[in-house]
Amino acid sequence: MHSQAPEFSVKLADCEADLIAAQRLRYDVFVRELGGGGSMVDHEAGLERDRFDPYFDHMLVTDENRGELVGVYRLLRDDQAAELGQFYSEDEYDLSALRNSGRRLLELGRSCLHPDYRGGTAMYHLWSGLAQYIAEHEIEILFGVASFHGTDPAQLAEPLSLLHHRHLAPQDLRARSKSFQSMDLIPEPELDRKAAMTAVPSLIKAYLRLGGFVGEGAFVDAAFNTTDVCLILDTARMNERQRKIYSGARSTA
């Protein structure tokens, strides 16, 4: 990290250069760092992109003191998904329960931070921008796939089982993996809950703190070298403590 304190700005991408900057950061994180791939990844230009990008809004966090993009989030409202013909997650999950809820949906994805900014306040600014976006568009349910690194569910048995036993979505919101990989791998009484939670990625933990749930079953994504779970957050089901965290983020956006 440079010695000068970061000064963050948050905005939606509004030109081709913004989108390319987001795709470049995604390449650095998802391809170079985590070993992911995909049919539209441009290794020569160092861009991680796919056919869904033109339909999404892309939220960008920039450190103005360095003039560098340091965080991105990809957002797709239900009206944008209607234009596209699907949500991104529908390649992996049956979203019928969400689609049939009659509520305003927002799909989130491709969240990543520059390595120098992890554990700092950059993610907080990304979430603050997201909270403002949710308020502006009157979103009621957030969802999206979040990933564990690696494609062997046996090595992820503890965290996957913890999510299944303690955080499974209620039936009326329960997305289900299309290429079903059970997350019920260890009986709940046999779980070391502390060790299991330690193995849960920080982004998933952030959703759980806000009262988020997971869909039923994981999805092994060999191309991206990940094991995915579907995260679902119903803003109406938040308790007062969770709502304060959420509205606190919103007030600083």
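**Close-up views of a predicted model**

View 1. At 4% relative accessibility, Tyr207 counts as buried (under 20% relative accessible area with a 1.4 Å probe and protein chains only; over 50% is exposed, and in between is partly exposed). The model is predicted, with local features needing pLDDT of at least 70 and side-chain atom pairs pLDDT 80 or more, while totals for chains, interfaces and linings use all residues. Residues are numbered from 1 along each chain as its sequence is written, and side-chain values use heavy atoms, leaving out hydrogens and water. The structure contains four aromatic pairs (Phe, Tyr or Trp rings, the six-membered one for Trp, with centres within 6.5 Å; planes under 30 degrees apart are stacked, over 60 edge-to-face, the rest tilted). One of these joins the rings of Phe8 and Tyr117, whose centres are 6.0 Å apart with planes at 70°, so the pair is edge-to-face. Another is formed by Trp127 and Tyr207, which is edge-to-face with 5.3 Å from centre to centre and 65° between the planes. Trp127 belongs to helix α4 and Tyr207 to helix α7, so this pair ties together parts 80 residues apart in sequence (helices, H or I of at least four residues, and strands, E of at least two, are DSSP runs numbered from the N terminus). Trp127 has 14% relative accessibility and therefore counts as buried.

**View 2. The pair of Phe8 and Tyr117.** The rings shown here stand edge-to-face. Phe8 lies in strand β1 (residues 8-12), and Tyr117 in the loop between β5 (105-113) and α4 (122-137). The pair links distant parts of the chain, 109 residues apart. Phe8 and Tyr117 are both buried.

**View 3. Strand β3 and the strands paired with it.** Strand β3 (residues 68-77) has nine of its ten residues buried, so the rest of the structure largely encloses it. Strand β2 (residues 57-63) runs antiparallel to β3 and is joined to it by seven bridges (strands pair if DSSP finds at least two bridges between them). Opposite Val61 stands Gly71 of β3. The hairpin of β2 and β3 has four residues between the strands, and there Gly67 takes a positive phi near 60°. β3 also pairs with β5, in the antiparallel sense, over six bridges. Leu75 has Leu108 of β5 as its bridge partner.

**View 4. Helix α5 and what covers it.** Helix α5 (residues 157-167) is mostly covered, with eight of its eleven residues buried. The buried residues are Ala157, Pro159, Leu160, Ser161, Leu162, Leu163, His164 and His167. Their cover includes strands β6 (141-149), β8 (213-214) and β10 (226-234), as well as helices α6 (193-198) and α7 (202-209).

**View 5. The largest nonpolar core.** This core has 36 residues (buried Ala, Val, Leu, Ile, Met, Phe, Trp, Tyr and Cys joined through side-chain atoms within 4.5 Å). Those with the most contacts inside it are Tyr73, Leu75, Leu106, Leu108, Leu163, Ile204 and Val229. At least two residues of this core come from each of β2, β3, β5, α4, β6, α5, α7 and β10. Helix α4 supplies the largest share, six residues. Leaving aside residues up to four places away in sequence, Ile204 touches Ala146, Phe148, Leu163, Val229 and Leu231 (contact means heavy atoms within 4.5 Å). A second, separate core of 21 residues has Phe52, Tyr88, Tyr93 and Ile141 among its members.
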